[in-house]
Amino acid sequence: MNERGLPFSNMEKEFVRKMKNVLEEMRIEILKTLASEDEAFNEIITSDEVKDIADTATSDIDSRTLAILGMQDLKRLRLIDSALVRIANGTYGRCLKSGKTITKERLEAVPYALYTIEVQNEIDRKKRRVS
């Protein structure tokens, strides 16, 4: 459904189909990355090698970096899954706050966008004031 509650036009349907493919590809890549990071993380932790203090510190930094990267990927994965649900529900491309249509250019740049650029800027400004 488009912003007026009408069924998507053929052009809109084609765009949504394209974005669904993009989101599914992004999802697969993130899952691959998380799987490889998990293997690398497990190698760091389970290594039987004797480590000196410098090695231990480096491993600790590596494991923290992997954890941070993993958290960012998990957040993106949740956003992607949410976008795929919105596609299935017919609400993809609609701002969650204003209800307005998110531009195609924004969705092409950030396929899992939840908000129009105006609403996102407003949210970002409020976060900066709080910080």
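## An arginine and its partner

Arg27 is partly exposed, at a relative accessible area of 29%. On this scale, buried is under 20% relative accessible area, exposed is over 50%, and partly exposed is in between, with a 1.4 Å probe and protein chains only. Keep in mind that this is a predicted model: local features need pLDDT of at least 70 and side-chain atom pairs pLDDT 80 or more, while totals for chains, interfaces and linings use all residues. Residues are numbered from 1 along each chain as its sequence is written, and side-chain values use heavy atoms, with hydrogens and water left out.

What does Arg27 meet in a salt bridge? Its partner is the side chain of Asp81, with 2.5 Å from N to O. Asp81 sits in helix H2 and Arg27 in helix H1, so this pair ties together parts 54 residues apart in sequence. Asp81 is also partly exposed, with a relative accessible area of 27%. A salt bridge here is a side-chain nitrogen of Lys or Arg within 4 Å of a carboxyl oxygen of Asp or Glu.

## The overall layout

Zooming out, the chain has four helices and zero strands, which reads as α-α-α-α along the sequence. Those elements are DSSP runs numbered from the N terminus: H or I over at least four residues for helices, E over at least two for strands. Of the chain's 131 residues, 28% count as buried.

The chain exposes about 9,200 Å², and carbon and sulfur atoms supply 56% of that area (Shrake-Rupley method, 1.4 Å probe; for residues, only the protein chains shown count as cover). Take the contacts between residues at least 6 apart in sequence: 59% of them join residues at least 24 apart. A contact means heavy atoms within 4.5 Å.

In soluble globular proteins, nonpolar side chains tend to be buried together. In this model, the largest nonpolar core has 20 residues, and Leu23, Ile80, Ile87, Tyr92, Leu107 and Tyr112 touch the most other members. H1, helix H2 (53–89) and helix H4 (117–130) each supply at least two residues of this core, and the largest share, seven residues, comes from H1. Such a core is a set of buried Ala, Val, Leu, Ile, Met, Phe, Trp, Tyr and Cys residues joined through side-chain atoms within 4.5 Å.

Ile87 shows what that looks like up close: skipping residues up to four places away in sequence, Ile87 touches Val16, Lys20, Leu23 and Tyr92.

Ile30 lies in helix H1, which covers residues 10–46. Is Ile30 buried or exposed? At 3% relative accessibility, Ile30 counts as buried. Leaving out neighbours within four places in sequence, Ile30 is in contact with Asp73, Arg76, Leu77 and Ile80. The C-alpha atoms of Ile30 and Leu77 are separated by 6.9 Å, although the two residues are 47 apart along the chain.

Asn21 is found in helix H1 too, but at 41% relative accessibility it counts as partly exposed. Asn21 and Leu84 are 63 residues apart along the chain, and 9.7 Å separates their C-alpha atoms.

## More charged pairs

Side chains of opposite charge can pair when their charged atoms come close. The salt-bridge count comes to seven. One of them joins the side chains of Glu108 and Lys18, at 3.1 Å from N to O. That pair links distant parts of the chain, with Glu108 in helix H3 and Lys18 in helix H1, 90 residues apart. Glu108 is partly exposed at 43%, and Lys18 is partly exposed at 39%.

Another salt bridge brings together the side chains of Glu122 and Lys97 (3.0 Å, N to O). Glu122 is in helix H4 and Lys97 is in the loop between H2 and H3, 25 residues apart. Lys97, Glu122 and Lys126 are linked in a network of salt bridges.

## A ring and a loop

Lys104 lies over the face of Phe15, 5.2 Å from the ring centre. The criterion is NZ of Lys or CZ of Arg within 6 Å of the ring centre and within 35 degrees of the ring normal.

Finally, Thr116 is placed in the loop between helix H3 (104–109) and H4. At 6% relative accessibility, Thr116 counts as buried. Beyond its neighbours within four places in sequence, Thr116 is in contact with Cys95, Ser98, Lys100, Thr101, Ile102 and Arg106.
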